[in-house]
Amino acid sequence: MADREKRFVADVMLGRLAKWLRLIGYDTLYYKKIEDSQLIRVAMREGRILLTRDAQLVKRGGFQSLFIESGELEIQLAQVIREARLKPRLKASVLCPLCNGELQTVKKEQVRGLVPTYVYAAQRDFSRCPRCGKIFWKGSHWQKIERRLRDMGYPAS
Ligand SMILES: [Zn+2]
């Protein structure tokens, strides 16, 4: 399986992890409400790796899964990167953290008036999701995780 083809579906406990997997370039489905049986069906039908904090779910077998032990986002992300052998692409985040759509880079001038003034003043790079219309930039939370990933030895680009 080519690295970019690794895809995930996260259980209801793992919303933030799902966002971050999208931010580092990995197609990840997430539903706020979904039954275990449906999660399994999605994982099987689409060949996605099921990410779950439920150890019982992992034991059922018949699909690829990863049991996420930690409740802490950074540790969860590190675990998935390590165990699924991902190659995070920190600079070229391509998927919308909210809806999994494919982000497009936009010129700074295009987002004038659409983002808070302090953000417009402080940030240089913006992207927009054509699916849900949200505009993104790399704020302080991004920098924290980026630093953490870099500490773990992943390149920043
Ligand atoms: Zn979106």
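**The open sheet and its surroundings**

A compact globule of 157 residues would have a radius of gyration near 15 Å, and the chain, at 16 Å, agrees with this; the radius is taken over C-alpha atoms, and the globule rule is 2.2 Å times the number of residues to the power 0.38. The model is predicted: local features need pLDDT of at least 70, side-chain atom pairs count only at pLDDT 80 or more, and totals for chains, interfaces and linings use all residues. Residues are numbered from 1 along each chain as its sequence is written.

The C-alpha trace spans about 50 × 35 × 30 Å along its principal axes. The chain contains 6 helices and 7 strands, where helices (H or I, at least four residues) and strands (E, at least two) are DSSP runs numbered from the N terminus. The domain assignment, which is automatic or taken from a database, gives domain 1 (3-83) and domain 2 (104-151). The centres of domain 1 and domain 2, taken over C-alpha atoms, are separated by 25 Å.

The sheet in question is open and has 4 strands in the order E2-E1-E3-E4, with parallel pairing; two strands pair if DSSP finds at least two bridges between them. Strand E2 (28-30) and strand E4 (65-67) stand at the edges with a single partner strand each, so one side of each lacks a neighbour in the sheet. From one strand to the next, the twist averages 20°; axes are lines fitted to C-alpha atoms, for helices over the stretch in contact, and angles run from 0 to 180 degrees between N-to-C directions.

Strand E3 (residues 49-52) pairs with strand E1 (residues 8-10) in the parallel sense over 3 bridges. Phe8 stands opposite Ile49 in E3, and Ala10 has Leu51 as its bridge partner. E3 also pairs with E4 in the parallel sense, over 3 bridges, and there the bridge partner of Leu51 is Leu66.

Both faces of E3 are covered, with Ile49 and Leu51 buried on one side and Leu50 and Thr52 buried on the other. A residue is buried if 20 or more other C-beta atoms lie within 10 Å of its own, exposed if 12 or fewer, and partly exposed in between, with C-beta atoms placed from the backbone. Across the chain, 24% of the 157 residues count as buried.

Helix H1 (residues 15-23) lies across E1, E2 and E3 and runs at about 155° to E2. Its buried residues are Leu17, Ala18, Trp20, Leu21, Arg22 and Leu23. These residues pack against E1, E2 and E3, and also against helix H4 (73-83) and helix H6 (140-151). After H1 comes Gly25, whose phi is positive, near 105°.

Helix H2 (residues 36-46) includes Ala43. Ala43 counts as buried because it has 23 C-beta neighbours inside 10 Å. Not counting residues up to four places away in sequence, Ala43 touches Val9, Arg48, Leu50, Phe63 and Gln64; two residues are in contact if their C-beta atoms, placed from the backbone, lie within 7 Å. Among contacts in the chain between residues at least 6 apart in sequence, 51% join residues at least 24 apart.
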